[in-house]
Amino acid sequence: MKNTITNPKNPNSNSMIASMEARRTHIFSLYISLSLLHLSIVSAFSPIDNYLVDSGSVQPTTVHVDSRRFIADSSDSGLLNFLISAGSVSLVDPNPSQGSSPIYRTARVFTRPLYHAFKIRDKGTHLVRLHFHPFYSSKFNLYDSEFLVSANQYVLLNNFTVGKAQTLIIKDYMIWVDTEELVITFTPSKKSKIAFVNAIEVISAPKDLVPDIAMLVNSEKIERINGLKKRNALETVYRVNVGGPKVTPFNDSLWRTWVPDNEFLKLSTESKRVRFSGRIKYQMGGASREICPDNVYNTARAIRSLNNSVPGVNISWEFPVIGGYNYLVRMHFCDIASISFGLPYFNVYVNGNLAYENFDLSTVTYGGLASPFYADFVVDKESSEVLSLSLEPSNLSFSHAIDAILNGVEIMKMNNSMGSLDGEVCEESNLKFWPRMNVGDLVPLVAAMGLLVIACLFVYRRWVRVKNSVAYLPILVDILEVNSKCGVRSSLGKAGN
């Protein structure tokens with residue numbers, strides 16, 4: 001419960017404080033309903049679905065930087081034997097770079113449309129990460145590959161190519177899964193006729209990671225949007241540690257990477273970097289370590305008043321984005337710089353539009369310093385190809401105090417009406433370039449799959465009680481025999497009251 005401060009010796013002071021409290025209540029009544037959804041669970045995260053696949057490998061691989069164990073996609077996975085289709089090839093890097101991660105020394109190459117199927121035990125949002133690290137091979141030129149990737153008919157990548165640079169590319173997605181399987185499909189383009197991947201991660205996400213409610217902010221209105229969680233696939237475009245260094249997967253319970261904000265910072269007059277060495281206090285109604293790690297919340301950029309006047313300055317960031325999409329913007333706040341609660345009041349702008357006025361962190365964190373809070377906004381597709389964020393002191397800001405603060409930013413692209421995160425295209429677009437298999441060609445495949453099912457049932461009965469058993473079924477099936485239609489999907493829910 002939030003305590004109200006009164007001064008019995010000064011009735012006018014009491015009146016002013018009461019007026020200020022009423023204003024706070026009015027401003028934040030709409031947002032408190034959002035914060036109540038963000039329940040804090042500070043226990044260690046242990047995902048029910050946790051598939052880490054080293055594509056093209058013949059044996060399990062341990063990534064030393066975070067000690068995670070990736071299973072091979074071309075051997076016994078621990079629960080089910082599987083079939084490798086003639087449309088895929090395991091490839092080994094003949095000259096791996098010294099110090100490179102072992103999961104990037106092999107690749108699975110697809111020469112026709114095929115898919116991986118992952119059995120889902122925990123329905124809901126899942127993190128999907130695709131790792132691409134091309135290398136030279138006498139068999140295939142991975143640098144010339146071009147392909148489409150989809151997951152449960154959401155298009156994740158279209159005409160994707162790694163280019164000529166020998167760099168690692170990790171694509172990070174959040175997808176709602178309410179089916180028994182998550183199916184990830186790789187479809188080579190007509191031009192290149194090959195696709196590849198080095199590693200795949202499919203991890204069930206914390207229940208509050210993706211919001212169901214956010215605030216739509218544009219030049220005309222600010223309104224609540226409902227139903228985001230089940231209606232959209234999200235691609236993480238930016239994950240930024242404001243005022244702090246790079247945060248590696250080793251220091252993130254969901255194995256994410258957060259980059260410094262230097263390259264996005266545009267205006268920072270009189271702003272200061274802030275670092276906190278104390279304990280971040282996660283509270284009910286705030287964030288959890290899975291939402292955002294300590295290493296992000298214990299750094300920030302802040303505007304600090306050092307004299308009797310409030311500075312008329314702001315902090316601004318600009319992020320290049322692709323036009324034609326809605327974006328989910330998550331801003332992380334944690335007052336790690338004030339000497340007392342209730343001091344920072346500031347305004348928050350999204351694309352130049354006022355999203356929060358007279359924002360008081362003590363209201364949403366119940367008066368706690370070093371207590372994190374995050375706010376979710378939707379920026380509609382009418383915006384330009386630059387997404388801007390800015391903070392400035394408000395008319396309620398105090399002198400000799402912190403007058404604005406921000407700790408982290410996440411920007412996620414939302415799928416368009418065709419269910420795509422990469423262009424006006426649907427999953428079946430590339431399939432028309434591939435001839436279907438003859439019925440005669442399917443007979444041995446069906447027979448082999450029948451034997452596989454029998455073997456799987458036998459093995460499953462022996463392993464069903466084993467703790468943390470693997471339920472990944474990496475059967476590479478010819479996707480041309482699976483009917484898919486391009487449906488129209490809305491990326492925004494209905495506005496709530």
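Select strand β22 (residues 327–333) together with β25, and you will find the two running antiparallel and joined by 7 bridges, where strands are DSSP runs of E of at least two residues, numbered from the N terminus, and two strands pair if DSSP finds at least two bridges between them. Within this pairing, Tyr327 has Val379 of β25 as its bridge partner. The model is a predicted one, in which local features need pLDDT of at least 70 and side-chain atom pairs count only at pLDDT 80 or more, while totals for chains, interfaces and linings use all residues. Residues are numbered from 1 along each chain as its sequence is written, and side-chain values use heavy atoms, with hydrogens and water left out.

Returning to Trp317 and leaving aside its neighbours within four places in sequence, you will find contacts (heavy atoms within 4.5 Å) with residues including Val242, Phe264, Arg301, Leu387 and Leu406.

Now display the aromatic rings, among which there are 18 pairs; rings of Phe, Tyr and Trp (its six-membered ring) pair if their centres lie within 6.5 Å, and planes under 30 degrees apart count as stacked, over 60 as edge-to-face and the rest as tilted. Tyr238 and Phe319 form a tilted pair, at 5.3 Å centre to centre with 50° between the planes. Tyr238 in strand β16 (residues 233–241) and Phe319 in strand β21 (residues 315–320) are 81 residues apart, and the pair thus links distant parts of the chain. Tyr282 and Tyr297 have ring centres 6.3 Å apart and planes at 70°, so this pair is edge-to-face. Both Tyr282 and Tyr297 are buried. Then select Phe333, Phe346, Tyr356, Phe359, Phe373 and Phe377, which form one aromatic cluster.

Two charged side chains deserve a separate view, a charge sitting over a ring if NZ of Lys or CZ of Arg is within 6 Å of the ring centre and within 35 degrees of the ring normal. Arg239 lies over the face of Trp258, at 5.8 Å from the ring centre, and the charged end of Lys413 sits over the ring of Tyr325, 4.7 Å from its centre.

Finish at the open sheet of 3 strands in the order β19-β20-β27, whose pairing is antiparallel. Its edge strands, β19 (271–275) and β27 (402–406), each pair on one side only. Strand β20 (residues 299–304) is joined to β27 by 4 bridges, and Ile303 stands opposite Ala404 in β27.

Methods:
Buried < 20%, exposed > 50% of the residue type's maximum accessible area, 1.4 Å probe, protein only.
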